[in-house]
Amino acid sequence: MQPSNLHRLSQWPCQDILFCLTANQQGNRIWFGSSDAGVYQLDLNEEKPSRQKLQGEGHTSYVTSIANCGHSLVTGGYDRKLIWWDAESGNQIRRIQAHEKWIRRVIVTPDSKHVLSVADDMQCRLWDAATGQQVAEFTDHAEMTPHHYPSMLYAVAVSPEGSHFATGDKVGHVAIWDAQTLQKVAELETPVMYTWDPKQRRHSIGGIRSVAFSSDGRRLAVGGIGKIGNIDHLGGPARLEVFDWHSGERQLELEDTKWKGLIEQIVWGPDDQWILTTGGDHKGFTTFYDAKSGELVHQEQQPGHVHALWHDDAYESLFLASHKQLSHWSMREKEA
Amino acid sequence: MNASNNPSLSRRSWMRLAGTASAATLASDLSGLEALGSPELSQSLRHSGKRVILLWLAGGASQLETWDPKPGRATGGPFSKIQTSVPGIEISELLPKMSSRLKETAIIRSLNTKIADHGNAYQLMDTGRIAEPSLKFPHLGAMIAHELGQRDSQVPDYVSMYTSTEGRRQGTAGFLGGRYNPMFLTDQMMPANIKRLERISDVDHRDRAELRNLMASIFERKNTHPMYDAHNSAYERVRGLMASDHLFDIDREPQSTRNHYGPTQFGQQCLIARRLIEAGVPFVKVARAWWDSHGQNFETHQELCADLDHCMAALLDDLKSRGLLDSTLVITLGEFGRTPTINGSLGRDHFASAWSCTLSGCGIQGGTVFGKTDEDGQKVAEGEMNAGDLFATIFAALGIDHHKEYMVGSRPIPIADFDSEPCHDILV
């Protein structure tokens, strides 16, 4: 699949902000979370697909993350709750108060046995995906920024073989964890991701918004935003750093000043040939970099800030959840 | 008592004085204002013991993330609302400490000030009226300093702390004259240029002052004019101002008090404000920048509201425990609010059509809410209030007649804008 083949198949404009999405293996049934606190399903097998709200007590604030555990889905939101849903029926299975502050990201381990959640209480919590029982919690992230304000824990990832986790926070600190012992095995610093303006505006912006392991699990890509001059806006370069996390060597340090903003999600391509980043400021982008050289391979501007991306195993089909839009993309070569 | 209500000394006196000082003179000459502040007027106009602390939320805080939350609406954002200590009043969850201290605070949710660019909105909300090119209106602090300041005070009348550079605008006394300009702190929390020069000893400094006083008294035996009083008064204040640097030194406070206000600069400045108020400074402005959250509004408000909530609660607690809250009006205000519509950067933009402020303490019926916005916060639904009405309310809370007029030449300028009325619903 060539990044340059990327083209849009369809789009579904809406009035709400879509923060997260996932899909079934076939990529014909997708679920997404919204600023209206709803979790929705869209069945692309229907002649005229229309979104259906999953049934249950649900969330009471923005639904910011969704993990697909196979038979069930787990959503997390700013209401601090994790909710399990039956993927087939769309019914709510359980609803738990999972964190003390906003839940930023929920992921599932490759064996689908565990779910991880990170939140602004600066905790990473490990959950039994089947029962919803908390298995463990761990953190290496300070509750307060160096400037005495509440910090935020935005990002979590699991390595493809499930042996390691990575967590990344607002001030640019990354911790890497052994998935068995839950001991921290490495840490990285990406301080450029955090902008503190001590004079003009006296508050901060930025933070690590995404982390992703390469397919061999040795490299870790960290996404966010570079230094911002005017922190009233997301007017900083989209910033990507890639590390050999064992040695701590920073192998790539990339900034895009053409299409600015936060990198909300990172995807490593097949055989780690390229890295796809997506995010934005008031508009959005999808940008492909060569994973070795860092060279810009392909780029598409998106009409709205992209909050999340889902792709199939073959990297043929992609869905983007954006500000007031859901869209479907393909990387297959266009038919003549 | 005020100029309008006491014709024997007000209108006639004002006109007489206005005749001796043209508008231009009044606007530029410090002594002209002191002439207006002659002893007979001073007695009638000063409202001893009342003070104001303005917490200026520069850049425009979001009413939806502070005092007028709309959870569950498309415009409401992600935060929930919480019940306050006053049944029926709910505010944003970002203000948990203030939620338990609302009995001293009135919320106004119905400001419609129309102007939504920083410069002009700032001018409007700092003077209470639309700017005119031909006349420099005094800012709120200058008017309060004029009304509440003591002529022979040994402390500044108006201190303004604004240590962030973005949007920094120095308040001006306008036609009230330089006597009421603020002592303006920008780069540090200790005023600059009020220390005695090292090459002049304290004894020398005192000797020089005594020599000047002696010569002045000889001069005044044969010459009388209000301007000479003003001249002497200015000199008398110098030593007081020079000696006021200790008021800015929070190291003199017990550690427990400093901890109460917290480690942030805003907290430290609020503590300084309390020290100044306690020492008799009538008006202190503490500006907390910069709320202009066009991008990442919710992250920004998590940071800034944490600061506002903690520091405002600490300040109200401290004032109350010292018996100062009944005589001190604490205001939270900015140049405007923020749009209900959430933009693509999860930001909110400038919005002046339906926004909020608060008044706490002196003269205020706490635990009240005035005005109402529609369910999405797009428009004022009840009790629309403009800048002039807000200023009239502030003056009324302090016992200052909002109908009072300043005379600039022959032109009367009401202290609160024409046709403005105080909001009696939130006044004691």
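**View 1. The eight-stranded open sheet of chain B in a predicted model.** The strand order is β6-β5-β7-β1-β8-β11-β4-β12 (chain B), and the pairing is mixed. At the edges stand β6 (183-185) and β12 (368-370) of chain B. Each has a single partner strand, so one side of each lacks a neighbour in the sheet. On average, neighbouring strands are turned by 15° against each other, direction ignored.

**View 2. Strand β5 of chain B beside β6(B).** Strand β5 covers residues 158-161 of chain B. Three bridges join β5 to β6(B), and the two run parallel. B:S160 lies opposite B:F184 of β6(B).

**View 3. The largest nonpolar core.** This core holds 102 residues. B:I53, B:V286, B:L329 and B:I331 touch the most other members. Helix α12 (residues 297-321) of chain B gives the largest share, 10 residues. A second, separate core has 100 residues, including A:V108, A:W127, A:L262 and A:A321.

**View 4. Contacts of B:L329.** Residues up to four places away in sequence are not counted here. Among the residues that B:L329 touches are B:V52, B:L359 and B:I394. Others include B:G361, B:C362, B:G363 and B:I364. B:A397 and B:L398 also touch B:L329.

**View 5. Helix α12(B) and its bend at B:L304.** The helix has 25 residues and, at 1.5 Å a residue, should span 36 Å. Its end C-alpha atoms are 35 Å apart, which agrees. The bend at B:L304 is about 25°. Of the 25 residues, 21 are buried, so α12(B) is largely enclosed by the rest of the structure. Just after α12(B), B:G323 has a positive phi of about 75°.

Methods. Residues are numbered from 1 along each chain as its sequence is written. Chains are lettered from A and ligands numbered from 1 in the order in which they are written. This is a predicted model: local features need pLDDT of at least 70, side-chain atom pairs count only at pLDDT 80 or more; totals for chains, interfaces and linings use all residues. Two strands pair if DSSP finds at least two bridges between them. Helices (H or I, at least four residues) and strands (E, at least two) are DSSP runs, numbered from the N terminus. Axes are lines fitted to C-alpha atoms, for helices over the stretch in contact, and angles run from 0 to 180 degrees between N-to-C directions. A nonpolar core is a set of buried Ala, Val, Leu, Ile, Met, Phe, Trp, Tyr and Cys residues joined through C-beta atoms within 7 Å. A residue is buried if 20 or more other C-beta atoms lie within 10 Å of its own, exposed if 12 or fewer, and partly exposed in between; C-beta atoms are placed from the backbone. Two residues are in contact if their C-beta atoms, placed from the backbone, lie within 7 Å. The expected span of a helix is 1.5 Å times one less than its number of residues. The bend at a residue is the angle between axes fitted to the seven residues ending there and the seven starting there.
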